[in-house]
Amino acid sequence: VILLPSSEAEQQRANIRYQRPDRSDTHPIDPTLEATEPRHTPHHHDNHAKRLVHTTLMADQLSKLCCCLKVYFPCFFDDAKVYGAPLVCFSEIKGPRVRISNFYVAGVGTALVNVPVIQNRAYWEFKICETGHFCVGVCEPSKKTLDCHLSDRKRTWQFSSKSYSKAEFKKGDFIGIGYDLADIRPVLKIYHNGKLVKNLKKGSKDIQGDVYPCVSVGDGCMLEANFEGSLQNFQFGPPQGFSGIMYTRDIL
């Protein structure tokens, strides 16, 4: 006995029930389940490209982070010398009220750099992070009167922000210092945002022996130093013939 469907709807259901499923759309073991393998649609390819770009950017950021860690924390790495260590940075010779964090200096008083200037023409920069009174220049490695400004200390060669009235120093400005020994008389050049604003000349008897870059701050001033131009490029400079401070073994 053959039972025929009584309606058109039942006929369609019967055709679907006994229709052999397409193998490409079914599970390899259970034909009633859909295939689990993903279909590669244009949207799938777009997501794959985005993930690839994101992974590449993450790898680049991790590489830069490792380089920074090797520079700032060389004691944790065996190959620290390859990444620029040791560094020209602030020394332990500073006033008791001076606060130093990496290359930032704030508080009240004077701080010296850890190496003397040995090349004929050296250049370094300070970025003004917070305005206030500051002095920049070079001095002999004396530990006396570190609690005051360079302008109040002896055996120093400095430029004071209060002594320059032609322009107002603002937050974000850059102060460049060029120490030139190539001439008969040494010259201390002061730059404001890349423009030469002062040429300070002194005789050879004013400062004798090794001189060290130094800075003093007060009245809420905070500066960020860039001594070598290797960790980050100088914002303005160095002028022609000048280079960042070279590291020497004769450290403080």
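Guide: First, a definition: two strands pair if DSSP finds at least two bridges between them. Strands are DSSP runs of E, at least two residues long, numbered from the N terminus. This is a predicted model: local features need pLDDT of at least 70, side-chain atom pairs count only at pLDDT 80 or more, and totals for chains, interfaces and linings use all residues. Residues are numbered from 1 along each chain as its sequence is written, and side-chain values use heavy atoms, with hydrogens and water left out.

Visitor: How do you know that S9 pairs with strand S10?

Guide: Six bridges join S9 to S10 (residues 195–201), antiparallel. The definition asks for at least two, so the two strands pair. Tyr-191 has Leu-196 as its bridge partner in S10. S9 and S10 form a hairpin with two residues between them, and Asn-193 in the turn has a positive phi of about 55°.

Visitor: What makes strand S9 mostly covered?

Guide: Buried means under 20% relative accessible area (exposed is over 50%, partly exposed in between; 1.4 Å probe, protein chains only). Six of the six residues in S9 (residues 187–192) are buried. Val-187, Lys-189 and Tyr-191 cover one side, and Leu-188, Ile-190 and His-192 the other. In a regular strand the side chains alternate between the two faces of the sheet.

Terms used. Helix = DSSP H or I, 4+ residues; strand = E, 2+ residues; numbered from the N terminus.
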